[in-house]
Amino acid sequence: MPRIVLIAGFESFNADLYRQAAEQAVAGWPQAAGLELEIQVFSDRDLAAQPEAVEAALVGADVFFASLMFDYDQVLWLRDRVLHIPIRLVFESALELMAMTQLGKFVIGDQPKGMPKPIQFILSKFGSGKEEDKLAGYLSFLKVGPKLLKYLPGQKVQDLRNWLVIYGYWNAGGPENVAVMFWYITQTYFSNKIAVGTNHRPSALLPPLPPPIETPNLGLLHPDFDGYFETPRAYLEWWKARQELWENRGSERENGSGTVVGILLYRKHVITKQPYIPQLIRRFEAAGLVPLPIFINGVEGHVAVRDWMTSAHEQAQRALGNVEIKSLSKDAVQVDAIVSTIGFPLVGGPAGSMEAGRQVAVATTILQAKNVPYLVAAPLLIQDVHSWTRKGIGGLQSVVLYSLPELDGAIDTIPLGGLVGEDIYLIPERIERLIGRVKSWVALRRKQASKRKLAIVLYGFPPGYGATGTAALLNVPKSLIALLQALQAQGYDVGELPEDGEALIRQVQAANDENAWAMAIATHPQDTIPDAVNVRQLERWLGYLQTSRIEKQWKSLTGTGIKTYDDDFHVGGVQLGNIWIGVQPPLGISGDPMRLMFERDLTPHPQYAAYYQWLQHGFGADAVVHFGMHGTVEWLPGSPLGNTGYSWSDILLGNLPNLYIYAANNPSESILAKRRGYGVLISHNVPPYGRAGLYKELVTVRELIGEYREDSEENALLVEGICQKIVTMGLEADCPFQDAKILGIEFTPENVKLFSQKAIAAYFSQLYEYLQLLENRLFSSGLHVLGQPPDPEQMRAYLSAYLQNNPLEPLKNDPPGSDLPDWAIAAILAGASLDEIMQQRLLRLLEANPGVIPRLDLSFRPSVEAAMPICQELAGLLRQNTDELTNLLRGLNGEYIPPAPGGDLLRDGAGVLPTGRNIHALDPYRMPSPGADARGRAIANASSPSTSPTKVPTLKLLP
């Protein structure tokens, strides 16, 4: 009796569907064939909950079937337990598991050589010919491939044909198709196991199997329509016909409705009739939006966006002759925003496609052409609602929902629900948050710049220490004026600008002064209190539940003493036309300003809540700009990852589009602003690099050591004085004397006498090298001005530091101090040729040593030659600092901001430039780096008890 064991991975919500299919398979066709068939169905959760049962089922199994298995531990566990199974069918899973696929003579193996050449030829005729479309073309091939392969000779080809047939049934989905898939496997490969008895029928006489019940690979659906739409235009025409108010769409758009939102859905979820899909569509309609629900297999997301969705921006560009996407369908319709409920990258989906860099580049090109907000909002398919709401989203689920879409520039990621048992449930309140944020981003685009209201939030931490208007690595006063001037040039109402940024900061400081505000209250009538929110108003804005939470934690809404006077909360700021500039409230309490950052169950204090509620409801901001690194709203209590309705960053930011200016070199903290604070991160460059140098006392120590090293015997009297200075300045902690440390002896001038002159000399040499390293250590010098490209001196500093940290090949083995000199870098930037730079060097050597023939340095010319393209490329990227302001304005216009990895120029290379892009913290495709991978293998081999090199398994996060 053949036994089939099926394990559903990411799709544990389909486990019941597979059980239904198993029941149909066992009770249907096999009975007519006189066949006894056993099918056991598990989900990936069973691998943890009941591993003994799964292992027992695998023992003696004839067929192993798995899909969407990515968890590293589960993959390893299964790989060791399925090797004995003769037929192994693994679809869309980790490569290490897919490599075990075997069906007759068709084997993928660890080093697949690809399909037979005749099949490759046939496959090449499907799809557009573009690399990113190969997987989509492959899915099209699945439908006709088995018919074509039927006529090709060879058992391996026929086994491949059978594999395609099996995959076709599985991909078609639904219990009926999966049941037939089981029958096909059994009939084709286990006819010899048909029970011998009165009902036995030879396989040749078995009834023919029904073909798959087909569903388009791409299509559109609506809960009120029986069937599927083949084009978006056909769908929209049907949708328009059933909407009585559609003819008034023009006026509706002015009011914020009539917005067309492209929604990407999983085809398998459509086929299996997951109830969350009609719920989502109806919620969008109820909110006055026009949903454009397009389902895809998972790998055609970019095809749906590229070919079926267009925008007003793209159409305007095409009218000017700028055709970025040649494959745009004549049936494409205009959308105002795009929401992916898939997770994963836009190109390749869960299956992956091309090398990682190409995936991101293609996705960015497509989304830039559309130039509309691209949001990700999906139910959790790996994690249940209970664990999310109590512990936050974690593990592989966070990679799928956050890390991968962020590579494409996705914003405002919102988990819509998750698993409850084996069912997908949506949380209505999360859908409303998604809809609210979509509407707000679209409204930015539609509203005239002159009417837009913007709130700019500055920082003042720690409070009371003159830190108002500061941010790490950013010159806030000059950057703020630069932004206001740029807004003014774009048509924003910015009122009358002050003379300079410092004057504006002083105005903001005065408006934020709590004592001055309290005095103003005493002299103003109650109904004209400046910059205040009354406690009753706060209760109306927040609602009873959230108000009660705050009151419970702080005992009183008005008794905290934090920027509160009687029943009023201070929200002081400066308004310039339609631009309001204020200081973010202190996070904690007097004497403990960081309190809220470390107590998860607390709430923000009442005045903090009043501040952000006033921005939305009092001032009526269309967007907020958090000015620099970094604020505190994203650190407020709530879910660590995956905002819920109880997360205070979500409650206080609400539906406000959040543009967040952030230093490019700090992706680890910026990710909190992106994920918990819905921040579209506009990265800014760090200031130019300078060398640390040594202060006077350290210079003295180095000089004394240098003098001692000239003749250690003659200068032995210097030892005690040197050691005394080492102790005084604490240098022994940074550069310890290992001989004394090993013996447990304290380093003192007296104890040093216990060691030999040779040991002392060696330590002094070590300390001398440490001081040299310290002197040449690089640090950010000064503050960056937003949107300002570096001047010539700053440019030289950037390039000199980069070349020092990334030495050119000719200089790698040279002694310290052989860096390319600044004058050579300046000459390169000035456009000098290689010969001209060599002439300059010769003249400099002659001037420095008159009458002396210069030493021939063979490495200098190739060093300059190697540096020229590097310097020119980096200089071009650094001059694009202007993108920082340009893209901030584009973000405030509701446009798509291209993504970029965060990082430091010296540490991470030119890929972090130009700044002004929407940075993400983690690029899973770059982990581990080649260097880290090599070190890991070396460590594994060194630590292995085996004498033979250890084979380190390589497991990508996604295939």
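A: Tyr-184 is buried in this predicted model, because its relative accessibility is 12% and the cut-off for buried is under 20%. Tyr-169 is buried too, at a relative accessible area of 5%. These two tyrosines form an aromatic pair. Their ring centres are 6.5 Å apart. Their planes meet at 40°, so the pair counts as tilted. A tilted pair falls between stacked, under 30 degrees, and edge-to-face, over 60.

Now the chain context. Tyr-169 belongs to helix 9, and Tyr-184 to helix 10, residues 174-189. The pair therefore ties together parts that are 15 residues apart in sequence.

Helix 9 spans 155-172 and also supplies at least two residues of the lining of the largest cavity. Strand 13 gives the largest share, four residues. That cavity holds about 290 Å³ of space. It is lined by 24 residues, and the closest to its centre are Leu-68, Tyr-266, His-269, Phe-344 and Leu-381. By class, the lining has 14 nonpolar, seven polar and three charged residues. In the whole structure there are four cavities of 30 Å³ or more.

The whole structure has 30 aromatic pairs. Ring pairs also link a cluster of Phe-65, Phe-91, Phe-106, Trp-163, Tyr-167 and Trp-170.

A second pair is Tyr-228 with Phe-295. Here the centres are 5.2 Å apart and the planes stand at 70°, an edge-to-face arrangement. Tyr-228 sits in the loop between strand 7 (219-220) and helix 11 (232-241), while Phe-295 is in strand 9, residues 289-296. This pair therefore ties together parts that are 67 residues apart in sequence. Tyr-228 is partly exposed, at 32% relative accessibility. Phe-295 is buried, at 0%.

Charges also sit over rings. Arg-709 lies over the face of Tyr-768, 4.8 Å from the ring centre. The charged end of Arg-841 is placed over the ring of Phe-860, at 4.3 Å from its centre.

Conventions:
Residues are numbered from 1 along each chain as its sequence is written. This is a predicted model: local features need pLDDT of at least 70, side-chain atom pairs count only at pLDDT 80 or more; totals for chains, interfaces and linings use all residues. Side-chain values use heavy atoms; hydrogens and water are left out. On a 1 Å grid over the protein atoms alone, a cavity is a set of points where a 1.4 Å probe fits but cannot get out, and a pocket is an open set with protein on both sides within 12 Å along at least five of seven lines; lining residues have an atom within 4 Å of a point. Grid points are joined across faces, edges and corners, and a volume is the space filled by probe spheres set on the points. Ala, Val, Leu, Ile, Met, Phe, Trp, Tyr, Cys and Pro count as nonpolar, Asp, Glu, Lys and Arg as charged, and the others, Gly among them, as polar. Rings of Phe, Tyr and Trp (its six-membered ring) pair if their centres lie within 6.5 Å; planes under 30 degrees apart count as stacked, over 60 as edge-to-face and the rest as tilted. Buried means under 20% relative accessible area, exposed over 50%, partly exposed in between (1.4 Å probe, protein chains only). A charge sits over a ring if NZ of Lys or CZ of Arg is within 6 Å of the ring centre and within 35 degrees of the ring normal.
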